Amino acid sequence: MTERFSGSFTQQEPIPEEAIEAAVAVLRHGRLHRYNLAPGELGETALLEQEFAAQVGAKYCLAVASGGYALATALRAVEVKPGDPVLTNAFTLAPVPGSIASVGAKPIFVGVTESLTIDLEDLAAKAGRAKVLLLSHMRGHLCDMDRLMEICDAAGITVVEDCAHTMGAAWNGVPSGRQGAIGCYSCQTYKHVNSGEGGLLVTDDEDLAAKAVMLSGSYMLYERHLAAPPPEVFERIKYDTPNISGRMDNLRAAILRPQLKTLDAQVERWNERYRVIEEGLRGTPGLTVIERPAAETYVGSSVQFLLLDWSEERVAEVIRRCAERGVELKWFGGAEPVGFTSRYDSWRYAESEPMPESDRILAGIIDMRVPLTFSLEDCRLIARIIRAEVGAVHQS
Ligand SMILES: *Cc1c(COP(=O)(O)O)cnc(C)c1O
């Protein structure tokens with residue numbers, strides 16, 4: 001009998017009861033706008049910022065409307081101007097080059113290694129060409145962050161971290177998002193906490209924090225923040241920083257606060273599932289498992305593997321056969337961007353240079369989401385199906 005999987009790769013867990021109650025309380029009082037506060041009230045959004053700052057050990061935190069908005073705000077805060085070059089990953093998702101395009105700047109793509117992290121040699125080679133690196137920890141893979149910061153510090157490059165897939169992860173114990181000047185996170189449904197849409201931005205730099213608050217649309221009400229610098233810092237920048245509204249509201253913040261409290265436990269549950277799938281795939285002929293470095297604390301909310309040097313037809317055949325058995329794989333090598341996949345050369349608004357070594361890797365990257373609604377038994381079944389279908393195509 002052929003085994004099939006019938007679960008949904010896009011079904012996340014429900015919002016926890018505590019979060020639902022907090023949301024209903026906000027709806028009952030009606031003060032959804034973050035600066036709409038009753039006397040003495042601190043507000044869900046300001047409290048969320050204070051709590052997330054403490055959680056990652058940052059001085060300042062700003063909650064915003066989306067992860068992509070957080071990235072664009074970070075680029076504006078570090079003074080990226082129209083026409084400026086910005087280094088970024090060739091292997092990432094559309095909101096990353098999109099945030100660069102949103103400020104009129106131009107991405108310079110840096111290659112990807114077989115570990116699915118940014119190619120540090122390519123970065124070193126291109127370091128002289130830009131003053132900012134928008135570093136995407138794509139699919140949760142952290143590069144050697146110590147080496148990366150050495151390269152960037154030596155070249156005078158400011159690092160903005162895209163932690164959409166690394167909320168809860170760490171490098172050598174340092175929370176992801178805390179090595180660069182600014183760390184940006186997404187709270188969108190498919191990330192590690194779920195408010196539908198939402199983003200968080202953290203930094204230790206008071207000027208960057210004040211600028212980000214002003215940019216997000218603070219209507220000079222920045223004194224109502226609990227994780228922002230003191231008013232004198234705002235005095236320095238408030239006349240020169242435009243309002244580009246993208247605030248978070250109290251409803252989303254209310255939903256997020258209880259989820260952040262259980263993030264570590266959720267990370268553990270993701271990693272149990274990840275390890276089951278990884279074990280099930282290991283040793284499959286023709287398939288390369290991505291080994292995780294000892295310094296990396298990861299969040300296994302998705303799994304990647306490589307079908308390196310396979311022909312397009314054979315990769316497509318694996319995807320098709322797995323889909324027939326209910327296993328939804330995504331392929332970053334496909335010529336056309338589909339759903340959430342895309343390649344650096346699919347962003348035609350941004351010029352790119354040929355990157356044959358990265359193309360070879362991108363052509364073999366297979367990606368799969370692991371929602372927490374999957375049981376460990378589901379994960380074993382999924383791994384058996386992939387193993388069997390990769391094996392069948394590999395032998396044929
Ligand atoms: C989701 C995501 C973002 C931010 O996306 P939003 O949908 O704007 O919250 C940024 N980078 C990557 C790699 C992502 O997957």
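Which residues in H2 meet which residues in H9? In this predicted model, local features need pLDDT of at least 70 and side-chain atom pairs count only at pLDDT 80 or more, while totals for chains, interfaces and linings use all residues. Residues are numbered from 1 along each chain as its sequence is written, and side-chain values use heavy atoms, with hydrogens and water left out.

From H2, Glu 44, Thr 45, Leu 47, Leu 48, Glu 51, Phe 52 and Gln 55 meet Asn 250, Ala 253, Ala 254, Leu 256, Arg 257 and Leu 260 of H9. Contact here means heavy atoms within 4.5 Å. The residues of this contact divide into seven nonpolar, three polar and three charged; Ala, Val, Leu, Ile, Met, Phe, Trp, Tyr, Cys and Pro count as nonpolar, Asp, Glu, Lys and Arg as charged, and the others, Gly among them, as polar. Helix H2 covers residues 44–56 and helix H9 residues 250–261, and their axes come within 8 Å and cross at roughly 30 degrees. The axes are lines fitted to C-alpha atoms, for helices over the stretch in contact, with angles running from 0 to 180 degrees between N-to-C directions. Helices (H or I, at least four residues) and strands (E, at least two) are DSSP runs, numbered from the N terminus.

The domain assignment divides the protein chain into domain 1 (17–261) and domain 2 (263–395); such bounds come from an automatic or database domain assignment. The C-alpha centres of domain 1 and domain 2 lie 27 Å apart. Domain 1 gives 39 residues to the contact and domain 2 gives 35 residues.

The largest nonpolar core has 46 residues, of which Phe 52, Leu 123, Leu 133, Leu 148 and Leu 200 touch the most other members. A nonpolar core is a set of buried Ala, Val, Leu, Ile, Met, Phe, Trp, Tyr and Cys residues joined through side-chain atoms within 4.5 Å. Buried means under 20% relative accessible area, exposed over 50%, and partly exposed in between (1.4 Å probe, protein chains only). Both domain 1 and domain 2 give residues to this core, so it lies between them. Beyond its neighbours within four places in sequence, Leu 123 is in contact with Leu 87, Val 110, Leu 133, Leu 148, Ile 151 and Cys 152.

Ala 124 is placed in helix H5 (residues 120–126) and is partly exposed, with a relative accessible area of 39%. Leu 116, in the loop between strand E3 (106–110) and H5, is buried at 3%. Leu 116 has a positive phi of about 70 degrees although it is not a glycine.
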